[in-house]
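Hi,

Here is the structure I promised to pass on.

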Number of protein chains: 2
Amino acid sequence: MTTPTSPTKVAPGNSHTSAPLPSWNEGPAKQSILDFVRKVTSGGDPQFVKPEDRIAVFDNDGTLWCEMPFYIQLAFAFDRMKAMAPQHPEWKDNPLYAAVLANDVKTVAAGGLKGLLELATVTHAGMTTDEFAKIVEDWIASARHAKFNRLYTDMIYQPMLELLVYLRANGFKTFIVSGGGVEFMRVFAEKVYGIPPEQVIGSSIVTRFEVVDGVPVLTRLPQLNFMDDNVGKPVGINMHIGRRPIAAFGNSDGDLQMLQWTTICAGCRFGLLVRHTDSVREYDYDASSMGKLDMALTEAATRGWTVVDMRNDWNRVFAFEAGK
Amino acid sequence: MTTPTSPTKVAPGNSHTSAPLPSWNEGPAKQSILDFVRKVTSGGDPQFVKPEDRIAVFDNDGTLWCEMPFYIQLAFAFDRMKAMAPQHPEWKDNPLYAAVLANDVKTVAAGGLKGLLELATVTHAGMTTDEFAKIVEDWIASARHAKFNRLYTDMIYQPMLELLVYLRANGFKTFIVSGGGVEFMRVFAEKVYGIPPEQVIGSSIVTRFEVVDGVPVLTRLPQLNFMDDNVGKPVGINMHIGRRPIAAFGNSDGDLQMLQWTTICAGCRFGLLVRHTDSVREYDYDASSMGKLDMALTEAATRGWTVVDMRNDWNRVFAFEAGK
């Protein structure tokens, strides 16, 4: 009954008004965005920034789309592990793998980052990059969020989608900078966010170039290459973009260093945290094993970063609410 | 007597004609480029490629600018080592470092890739990314090529600059994919090639995020992070761009895998090798410790890659020849 949200649908859906950010309620959060964009795009303003330097970076999980009750990519890893399990009878003797096969998220979460990384490498490796993309494509076209019974590509935040479109309309180049897997996100980022593959930065496993039967392939190996989270985010930004963003958007302590790197320097800078405060339309959490918001929230106060109160600042969370 | 070449000067310099690629002589090399671009950009053609998929990747050393008598970045490393030497009296006891300080290029070259990497890490690390960029900026503004007595930014190939401009005018997104240091190239790539930092892919050393006296910095460490050469080029392309190029331009065996990855697959693809055959206007070499062209040249014949004969295919190599 619903079609995947795509950036091209933003305008028609809001055709009753030409004002930007229609899903944002009037208030300090929305106003801070409008003020910032006005300053950096107004030719006469001392804080004007040339279009090529208007780089904006967005975390993905919990910032652009839902990360509860657990990361969407973890749901993918669960499904992959179940699909691969018949070929791996030995997995039932591994407590972590057995927990996955038993849908025991609590035990998996207790394994922390180390456990998640192990699951990711085991389930995301052993095929070529093209084969992996096809697996993700098929999965994302059918898997559904348990609470909302929606495709995961419908679980993106409508206000953030409008923000992406608004920034691009003002000459910004928008990038995703996520702890999630770069080759996982690239499968859908262009379609749902309008962000092309070359503007997606994420974590990765090692790939190896080889020519198999005369055909060059990149084979995915079960070994971490780069962790694009926490201190890794500024490193990933520098590696891929090579210039410092002027605006950064996140929602958790994993985004702290990205916001520091973006905002603590000369020039007009903008930092924003999405705070999950809406247990009805989405979820309400600060303390959580995933998407924990603590240190970054404290620092937001001293740095002047905008903190979005999802319940009060957004009049719509998901596009599929529109018909309500 | 000369000003740095910049992409904006291409058009005025060729204002007598509106035909593309004026520094290319008529012949099969030029024609192969024109034919390829016509096919992938003509709406009615079965080989039409959407603009967003028109990705073109260029090697740098020996493809976009001169790499003889040795890599320009090695000249930078030599100068850095001499500048740092007073603080390192112990270097005189290291044969490799002593060779650098004595301008003994032959001994350094005999050290192979391992030696070059060691020099790069020692001379390119120990400062922040911002500090490094400033050092490169100052160096590139004054250092000169020994044979031509020109700034290194004047040592770029005019025909390749025209090719970059021509491809971009036809909807292509142009990337550098080089074994050279990514943070070295980014300092000048936008100015001399019109290629922004986020479209430069190269080798890198490890950087570490830290907050020093309240200021977030990325510190460069003397440790290799990624080697963007040979089998590393397809890996780097996939990591940064996330889609397969449709055209690849190189000049040496270090570009072989990039050309394989780009051209051996479905769809209309283009591969090109610049062959250095001009001992008068530039250099004449296939066999060389740097920029060796052997396997890739052999494969070019079977793959149908275009091989540019610099002496015969280019009527001008450098922009500074114009006044001749």
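Beyond its neighbours within four places in sequence, B:Phe70 is in contact with B:Ala75, B:Val105 and B:Met290. Keep in mind that this is a predicted model. B:Phe70 sits in the loop that runs between β1 (55-58) and α3 (72-84) of chain B. From B:Pro28 it is 42 residues away in sequence and 30 Å away in space, C-alpha to C-alpha.

Now for the interface. Chain A and chain B bury about 3000 Å² between them, with carbon and sulfur atoms giving 53% of that. On the chain A side, A:Glu198, A:Phe209 and A:Met239 lose the most area to chain B, together 22% of what that side buries. Each chain puts 34 residues into the contact.

There are eight salt bridges between chain A and chain B. One pairs A:Arg243 with B:Glu198, where the closest N and O atoms are 3.1 Å apart. As for who supplies the chain A side, α10(A) gives the most, with five residues. By class, that side splits into 15 nonpolar, 11 polar and eight charged residues.

Last, the pocket. The largest one has a volume of about 960 Å³ and a lining of 43 residues, with A:Tyr71, A:Leu113, A:Gly179, A:Met227 and A:Asp229 nearest its centre. Its lining takes its largest share, seven residues, from α6(A). In class terms, the lining of this pocket has 17 nonpolar, 16 polar and 10 charged residues.

Cheers

Methods. Residues are numbered from 1 along each chain as its sequence is written. Chains are lettered from A and ligands numbered from 1 in the order in which they are written. This is a predicted model: local features need pLDDT of at least 70, side-chain atom pairs count only at pLDDT 80 or more; totals for chains, interfaces and linings use all residues. Side-chain values use heavy atoms; hydrogens and water are left out. On a 1 Å grid over the protein atoms alone, a cavity is a set of points where a 1.4 Å probe fits but cannot get out, and a pocket is an open set with protein on both sides within 12 Å along at least five of seven lines; lining residues have an atom within 4 Å of a point. Grid points are joined across faces, edges and corners, and a volume is the space filled by probe spheres set on the points. Helices (H or I, at least four residues) and strands (E, at least two) are DSSP runs, numbered from the N terminus. Ala, Val, Leu, Ile, Met, Phe, Trp, Tyr, Cys and Pro count as nonpolar, Asp, Glu, Lys and Arg as charged, and the others, Gly among them, as polar. Contact means heavy atoms within 4.5 Å. Buried area is the accessible area (1.4 Å probe) that two parts lose on being put together, summed over both. A salt bridge is a side-chain nitrogen of Lys or Arg within 4 Å of a carboxyl oxygen of Asp or Glu.
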